[in-house]
Amino acid sequence: MTDDPAITNSADELVDTIGYQIGRLGKLRDRTNAQIAAATNGEIEPAAYAILFQLIHGGPMRSGALAEALYSDASTISRQVAALVKRGLIERRADPADGRVSVLAITADGRTVATQIRVRRNESLDQVMRDWSATERETFAALLIRFIDGYEHTRQQMLTELSAHRDLQSFYAPSEKKQ
């Protein structure tokens with residue numbers, strides 16, 4: 001059991017453990033991405049490469065749709081897109097539905113880089129899970145998909161609840177749990 005008096009039962013303890021580990025993973029990813037950026041003198045901004053994968057999976061799209069799909073703000077996407085366009089990994093094309101605006105599309109070089117990133121990422125993940133059985137990997141993949149789908153589904157509700165409070169302290173005040 002935990003020494004935290006706010007955690008009152010094993011279900012709370014499990015959820016607390018999950019929350020803590022997600023935070024840990026986020027910090028590890030942030031730090032690793034910063035180290036990659038530093039090691040490459042800023043040539044590689046790992047977060048920007050999510051754009052390549054989104055364009056591969058979603059096809060050409062407008063910058064605003066890309067920002068929405070990646071849960072990012074327009075200014076961040078704009079900066080990352082500019083860097084990827086400069087490197088020739090994506091390009092701007094006339095929108096077939098409205099030639100007055102442009103869509104972003106991945107280039108052949110972008111596909112090549114995305115393939116290289118995918119191979120390297122999968123090698124790294126294979127190292128992390130080298131001691132895992134095929135069944136453990138399958139279970140983890142299924143549960144991770146389920147968790148992220150659930151998070152995505154409840155995300156807007158969480159944001160709506162937050163906006164109903166005048167400050168973070170009132171939002172984080174203990175709620176009454178149904179018995």
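The model is predicted. D95 is buried and sits in strand β1. A search of the whole structure finds 1 aromatic pair and 4 salt bridges.

**Buried aspartate D95**

- D95 belongs to strand β1, which covers residues 90–95.
- Its relative accessible area is 9%. That is under 20%, so D95 counts as buried.
- The side chain of D95 makes a polar contact with the side chain of R62, at 2.9 Å.
- The D95 side chain also reaches a backbone atom, the nitrogen of A97, at 2.9 Å.
- Beyond its neighbours within four places in sequence, D95 is in contact with R62, V101, S102 and V103.

**Nonpolar surface patch**

- The patch is formed by I18, I22, W132, F140, L144, F147, I148, Y151 and M158.
- Together these residues have about 820 Å² of accessible area.
- Helices α1 (10–39) and α6 (134–163) each supply at least two residues of the patch.
- L144 is one of the patch residues and is found in helix α6.
- L144 has a relative accessible area of 36%, so it is partly exposed.

**Aromatic pair W132–F140**

- The structure holds 1 aromatic pair. The ring centres of W132 and F140 are 5.3 Å apart, and their planes stand at 90°, so the pair is edge-to-face.
- W132 and F140 are both members of the nonpolar patch.
- W132 is partly exposed, at 33% relative accessibility.
- F140 is partly exposed too, with a relative accessible area of 39%.

**Backbone angle at Y71**

- Most residues other than glycine have a negative phi.
- Y71 has a positive phi of about 55°, although it is not a glycine.
- Y71 lies in the loop between α3 (63–69) and α4 (74–86).
- At 47% relative accessibility, Y71 counts as partly exposed.

**Salt bridges**

- The whole structure has 4 salt bridges. The pairs below are among them.
- R93 and E91 meet through their side chains in a salt bridge, at 2.7 Å from N to O.
- R93 is partly exposed, with a relative accessible area of 37%. E91 is partly exposed as well, at 31%.
- D98 pairs with R100, and their closest N and O atoms are 2.9 Å apart.
- R100 is exposed, with a relative accessible area of 74%. That value is over 50%, which is why R100 counts as exposed.
- R137 and D126 form a salt bridge between their side chains, at 2.9 Å from N to O.
- R137 lies in helix α6 and D126 in helix α5 (residues 108–128), so this pair ties together parts that are 11 residues apart in sequence.
- R137 is partly exposed at 26% relative accessibility. D126 is partly exposed too, with a relative accessible area of 39%.

Notes:
Residues are numbered from 1 along each chain as its sequence is written. This is a predicted model: local features need pLDDT of at least 70, side-chain atom pairs count only at pLDDT 80 or more; totals for chains, interfaces and linings use all residues. Side-chain values use heavy atoms; hydrogens and water are left out. Helices (H or I, at least four residues) and strands (E, at least two) are DSSP runs, numbered from the N terminus. Buried means under 20% relative accessible area, exposed over 50%, partly exposed in between (1.4 Å probe, protein chains only). A polar contact is a pair of N or O atoms within 3.5 Å; within protein, one must be able to donate a hydrogen and the other to accept it, and residues adjacent in sequence count only if both atoms are side-chain atoms. Contact means heavy atoms within 4.5 Å. Patches are made of residues with over 30% relative accessible area and no salt bridge: like charges are joined within 9 Å, nonpolar side chains (Val, Leu, Ile, Met, Phe, Trp, Tyr) within 5 Å. Accessible areas come from the Shrake-Rupley method with a 1.4 Å probe; for residues, only the protein chains shown count as cover. Rings of Phe, Tyr and Trp (its six-membered ring) pair if their centres lie within 6.5 Å; planes under 30 degrees apart count as stacked, over 60 as edge-to-face and the rest as tilted.
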